[in-house]
Amino acid sequence: MAEECLEVYREFACDRFFNPSALAVESLQVSKQIAETEKFFLKKLDASEGTVLFTGCATESNNLAIRGSLRKGDYEYVFSVGEHPSVYNVGKKLESEGYKVFFVPLDKNGKVNLTELEKVLSEKTRLISIMQVSNETGAVNDIEKISLLKKRLCPRAVLHVDGVQGFMKIPLSLRKTEVDLYSFSAHKIYGPKGVAGLYVKNKNALKPLFEGGGQQFGLRSGTENVPAIMQFRKAVEIIDVEKNFKNVSSLKEKFKKVVSSYGVRCVDFGGSPYILNIVFDGVKGETMLHALDEKGVVIGLGSACSAKKAGNRVLEEIGVSRNDIISSARISFSAYQTVSEIETAAHIIGEVYQDIKQRVS
Ligand code: PLP
């Protein structure tokens, strides 16, 4: 977490621990600050209208967006096969509950196949849920093009975008799109865990997941996590999207150069600079993960929520071979990493790989 966010926590968790729904003057001030923060987020999203709800995590935002858009009748729901489990598994659940659901395939670069998407969209489409940036591959979907498809083929459908890996990393101006709902999370942008947002273009078109005290327009009842919301705001205030993009792109290139010199294969899907897939030919990714953990280098195998399950749904859908999937790992870059840290990590990864490879062959 960014250092600056820690200070904000103290202010709102200790000195100003007021319930925004209470009537004391201090409470009203906190409530006002939350309302201002909502406007602040709308501005950052470059949205011309709408509301921002604060939730407990993007998993909640995604569930609220999808379940809150369900309607009775002869409707269809469209997802991509590359979605994060907090969207994909909701789609699967809806299918098992009897809803008509389509899962659109990806192209070889990990993006949603727009030709296939076009084929399933119709007047019956109630919801399209497609991510901005893949957490597995870093592939970036063209939300503006998807918006045009929606406008042409199903103007009354709701377009939900899981923007968790894109928010404050890959610019997207909501006013240039047809996006109705957009999920984003604080802990991907150096803010705290346990707080996220959901942009809602038309709050009358969304139904809440649970009933309660009616906070946040009745769409997300429950006392707001004020310190975390204010930390989330601080994280956004201090972020420099362009500078980070440039720095992280350069870190990624330096990393690729060093690990490649050890024979580690980089499979860069060419989207977000924050994510890179690498393949350890002849060695399991899991073996590398544990060996590297001991040396202080932390890598990922798949989405953290699904890493314990065998295989990788998203890579499989793109057509990556079983062998490559078993030998692959995912590297995440941060704007707070230095060149020296990245190069040291890359050398350690390369050396550990060479060592294990020699022993297993
Ligand atoms: N969507 C994407 C694309 C993600 O990468 C993640 C987290 O990794 C989530 C949703 C879930 O976010 P949260 O951990 O805030 O529930």
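An oxygen atom of the ligand lies 2.9 Å from a polar backbone atom of Ala 58. The structure is a predicted model, and its chain is divided into domain 1, residues 3–237, and domain 2, residues 241–360. This briefing treats the surroundings of the ligand and then the contact between the domains.

- Thr 59 places a polar side-chain atom 2.6 Å from an oxygen atom of the ligand.
- The side chain of Asp 162 has an N or O atom 2.7 Å from a nitrogen atom of the ligand.
- The protein buries 90% of the 390 Å² that the ligand exposes when taken alone.

**The shell around the ligand**

- The ligand is surrounded by 14 residues, and the closest are Thr 59, Asp 162, Gln 165, Ser 185 and Lys 188.
- Of the residues in this shell, eight are polar, four are nonpolar and two are charged.
- Helix α3, which spans residues 58–67, contributes three residues, the largest share of the shell.

**The contact between the domains**

- The centres of domain 1 and domain 2, taken over C-alpha atoms, are 28 Å apart.
- Domain 1 brings 25 residues to the contact, and domain 2 brings 24 residues.
- The size of an interface is often expressed as the accessible area lost when the parts come together.
- Between them, domain 1 and domain 2 bury about 2100 Å², and 60% of this area is on carbon and sulfur atoms.
- On the side of domain 1, Glu 136, Thr 137 and Tyr 190 supply 33% of the area buried against domain 2, which is more than any other three residues supply.

Conventions:
Residues numbered from 1 in each chain as written. Predicted model: local features only at pLDDT ≥ 70, side-chain atom pairs only at ≥ 80, totals over all residues. Heavy atoms only, no water. Near = heavy atom within 4 Å. Polar contact = N/O pair within 3.5 Å; in protein donor to acceptor, adjacent residues only side chain to side chain. Areas by Shrake-Rupley, 256 points an atom, 1.4 Å probe, with all protein chains shown as cover. Helix = DSSP H or I, 4+ residues; strand = E, 2+ residues; numbered from the N terminus. Nonpolar A, V, L, I, M, F, W, Y, C, P; charged D, E, K, R; others polar. Domains from an automatic or database assignment. Contact = heavy atoms within 4.5 Å. Buried area = accessible area lost by both parts, 1.4 Å probe.
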